[in-house]
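Hello,

Here is the structure I promised to pass on. Have a look through it first, and my notes follow below.

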Amino acid sequence: MTPELLTLTLAVLLQAVQFTLYSGLAQKQVGSDYAASPRDEPRQLTGTAGRAQRALNNHFESLALFTPAVLVITLADKSGGFTAASAWVYLAARVLYVPAYLLGWTPWRSLIWALGFLATMALLLAALI
């Protein structure tokens, strides 16, 4: 397995961890009866639960860019030291993004996000070279 595919796998596992965290925080806020209901009446999550939900959604969005970047690098057989480092930077940024969002680290959260985004763009650009 290439380092890029390994980081993609770990990023998806991070998504599962984030989902579990969000689910627990949301259920604690809205109660188990509402969580088990069809949720016909939406409830706005606030505080840490709301931040966990937004961080989770942001990770879905970032995976929508990172996944094709990794696939292009892999299928084009362009894996190398630079692309591996870029993939690890992406993963590290995504791991740091969770506490940064949950704890409200400003402006660090935005800088961490930008680092992950730039690492993804670096992968895409490396595929073109």
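How many helices and strands are there in the chain? The chain has 5 helices and 0 strands, where helices (H or I, at least four residues) and strands (E, at least two) are DSSP runs numbered from the N terminus. Along the sequence they read α-α-α-α-α.

Please keep in mind that this is a predicted model, in which local features need pLDDT of at least 70, side-chain atom pairs count only at pLDDT 80 or more, and totals for chains, interfaces and linings use all residues. Residues are numbered from 1 along each chain as its sequence is written, and side-chain values use heavy atoms, without hydrogens and water.

The C-alpha atoms fill a box of roughly 50 × 30 × 20 Å along the principal axes. Of the 129 residues in the chain, 36% are buried (under 20% relative accessible area with a 1.4 Å probe, protein chains only; exposed is over 50%, partly exposed in between).

Now to a pair of helices. The axes of α3 (residues 47-75) and α5 (residues 108-128) come within 8 Å and cross at roughly 25°, with axes being lines fitted to C-alpha atoms over the stretch in contact and angles running from 0 to 180 degrees between N-to-C directions. That makes α3 roughly parallel to α5 (angles under 35 degrees).

Finally, L6 is found in helix α1. L6 counts as partly exposed because its relative accessibility is 34%.

Happy exploring!

Definitions and conventions
Parallel < 35°, antiparallel > 145°, perpendicular 65-115°, else oblique.
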